[in-house]
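Subject: Structure handover

Hello,

Please find the structure below. My notes on what was found in it follow.

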Amino acid sequence: MHFSNTIYGLMFFLYNLVVAFAEFLLKFIALFSPKIKLFVEGRQTVFKTLSCKIMAYDKSIWFHAASLGEYEQGLPVMEKMKKKYPNHRIVLSFFSPSGYEIRKNNTVADVTVYLPLDTKKNAEKFIELVRPDMVFFIKYEYWPNYLKELKQRQIRTFLISGIFRENQSFFKWYGGFYRKALDTFDYFFVQNSTSKELLLQLGKWNVTISGDTRFDRVISILEKDNTLDYVSQFKNNTLTIVIGSSWPKDESILIDFINYTNHQIKFIIAPHNIKAEQIQELKNNITKKVVLFSERENKNLADYDVFIVDTIGILTKIYSYADIAYVGGGFGNPGVHNILEPATFGIPIVIGPNYSHFAEATALVNLEGCLSISNSEELAETFETLIQNEDIRHEKGHICGTFVQMNKGATEKILSHILTENPRNIQ
């Protein structure tokens, strides 16, 4: 035991050295990288923000999301906890600028901040200011100093929508340092049986397969008003293909089809990156009549064939107008973007070849509601089939919509356990 503790102490010391070096290095890289600059500068005011927005008499519940995808997963639980505990402040932290910058003005959290780097000093100060009654880490991110501090303070800590894989450090011979960090969690709510089995191998019996809360998130979209008058005008009762979160590699094979198809169809393109020069290049490469979202005023949108969305925040609503969806990212790493948003509207989905890291994409490809293509020829063939055969289009769309409906309920499973196993009677 003494030897084990010595090894653990050494690993923690080395870990803290690495974090300290990373903190120094990031400040240097920030001089040249706009994204890292946001990462560094956004953390400079965190403690001041917490001091101003959380009073000594406040009670709080803390959610941590690595980035935007994890935020979407945690949102249904955040919303339910906010209703259940209206007297608590909801504190939301992000690790990544891509999550924080897009959702820093969300309406569910009372306080939204970057998570300071995982040093002992930062962890102590952050938790001292937030003073959470409960903590939720979403999907992954296991910061040893934060988890150690939470454990020492005996603060109830949960992992929701967790995913574990054999290649993670926890399951390697050298992973003792990280395995110890898992001791902090009161309960693990995981997405699948593989994750549960891996945790059981570590002796973690406090685990339940709850599923993925993102299904609850996207189902809630159907209850909202998804009307966009300008999209209705552009669509003009014409079969429409919505291309969401596209990257240049996606667009390079899509453009040929858009330019040369003879079908009377419309295209809406919402690129992942909306930098002006990339939007202009995309527009210049399309030979059909193109209008940008930013140019839509005082135009008869029904006259155009292609609508390029050079803004953020409306893609979900746009999917409600799609007859066919293409979701980008499948020609790069780590792979395809969120397919659940179009799936919830019951439409067939086409993606690139890189999807194996995403369980929902793999499942829908196996069910044949989602179709994977590897080149422009396969894209054209797939689009032709879906455009010309309404029965196939509706069948594959039905598979997608049913898949989402069949996988809902993770939020209720999580809340049911937490609220029935609340020994401290948090009010």
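**Aromatic pairs**

Phenylalanine 293 has a relative accessible area of 16%, and is therefore buried. The model is a predicted one, and everything below should be read with that in mind.

Phenylalanine 293 takes part in an aromatic pair with tyrosine 230: the ring centres are 5.6 Å apart and the planes stand at 70 degrees, so the pair is edge-to-face. Tyrosine 230 belongs to helix 11 (residues 229-235), while phenylalanine 293 sits in the loop between strand 10 (290-292) and strand 11 (306-308), so the pair ties together parts 63 residues apart in sequence. Tyrosine 230 is buried too, because its relative accessible area is 18% and the limit for buried is under 20%.

How many aromatic pairs are there by the rule used here? The count is 33. One of them joins phenylalanine 63 and phenylalanine 136, and this pair is stacked, with 4.7 Å centre to centre and 10 degrees between the planes. It links distant parts of the chain, since phenylalanine 63 is in strand 1 (residues 59-65) and phenylalanine 136 is in strand 4 (residues 132-138), 73 residues apart. Phenylalanine 63 counts as buried, at 0% relative accessibility. Phenylalanine 136 is buried as well, with a relative accessible area of 0%.

**Helix 17 and its two partners**

Helix 17 (residues 376-388) was examined against helix 12 (residues 248-260) and against helix 18 (residues 390-406).

With helix 12, the axes come within 9 Å and cross at roughly 50 degrees. Helix 12 and helix 17 are therefore oblique to each other. Their crossing is right-handed. On the helix 12 side the contact involves Ile253, Leu254 and Phe257; on the helix 17 side it involves Ser376, Leu379, Ala380, Phe383, Glu384 and Ile387. Sorted by class, this contact of helix 12 with helix 17 has seven nonpolar residues, one polar and one charged.

With helix 18, the axis of helix 17 comes within 5 Å and the crossing is at roughly 100 degrees. Helix 17 is therefore roughly perpendicular to helix 18, as angles from 65 to 115 degrees are classed that way. Thr385, Leu386, Ile387 and Gln388 of helix 17 meet Glu390, Ile392, Arg393 and Lys396 of helix 18. The residues of this contact divide into three nonpolar, two polar and three charged. Ile387 is listed in the contact with helix 12 and in the contact with helix 18.

**Two buried loop residues**

Leucine 182 is in the loop between helix 8 (176-181) and strand 6 (187-190). At 0% relative accessibility, leucine 182 counts as buried. What does leucine 182 touch, not counting residues up to four places away in sequence? The residues are Tyr142, Phe164, Phe170, Phe188, Leu199, Leu202 and Lys204. Between leucine 182 and tryptophan 143, which are 39 residues apart in sequence, the C-alpha to C-alpha distance is 9.9 Å.

Lysine 139 is in the loop between strand 4 and helix 7 (144-152). Is lysine 139 buried or exposed? Its relative accessible area is 18%, and lysine 139 is therefore buried. Leaving aside neighbours within four places in sequence, lysine 139 is in contact with Glu70, Gln73, Leu159, Ile160, Ser161, Gly162, Ile163 and Gln191. Between lysine 139 and glutamate 377, which are 238 residues apart along the chain, the C-alpha atoms are separated by 37 Å.

**Positive phi angles**

Arginine 131 is not a glycine, yet has a positive phi of about 50 degrees. It is placed in the loop between helix 6 (120-130) and strand 4. Arginine 131 is partly exposed, with a relative accessible area of 29%.

Serine 245 also has a positive phi in a residue other than glycine, with a value near 55 degrees. Where is serine 245 placed? Serine 245 is in strand 8 (residues 240-246). With a relative accessible area of 17%, serine 245 is buried.

Regards

How values were computed:
Residues numbered from 1 in each chain as written. Predicted model: local features only at pLDDT ≥ 70, side-chain atom pairs only at ≥ 80, totals over all residues. Heavy atoms only, no water. Axes fitted to C-alpha atoms, helices over the stretch in contact; angles between N-to-C directions. Helix = DSSP H or I, 4+ residues; strand = E, 2+ residues; numbered from the N terminus. Parallel < 35°, antiparallel > 145°, perpendicular 65-115°, else oblique. Left-handed = near helix turned anticlockwise from the far one by under 90°. Contact = heavy atoms within 4.5 Å. Nonpolar A, V, L, I, M, F, W, Y, C, P; charged D, E, K, R; others polar. Phe/Tyr/Trp six-rings, centres within 6.5 Å; stacked < 30°, edge-to-face > 60°. Buried < 20%, exposed > 50% of the residue type's maximum accessible area, 1.4 Å probe, protein only.
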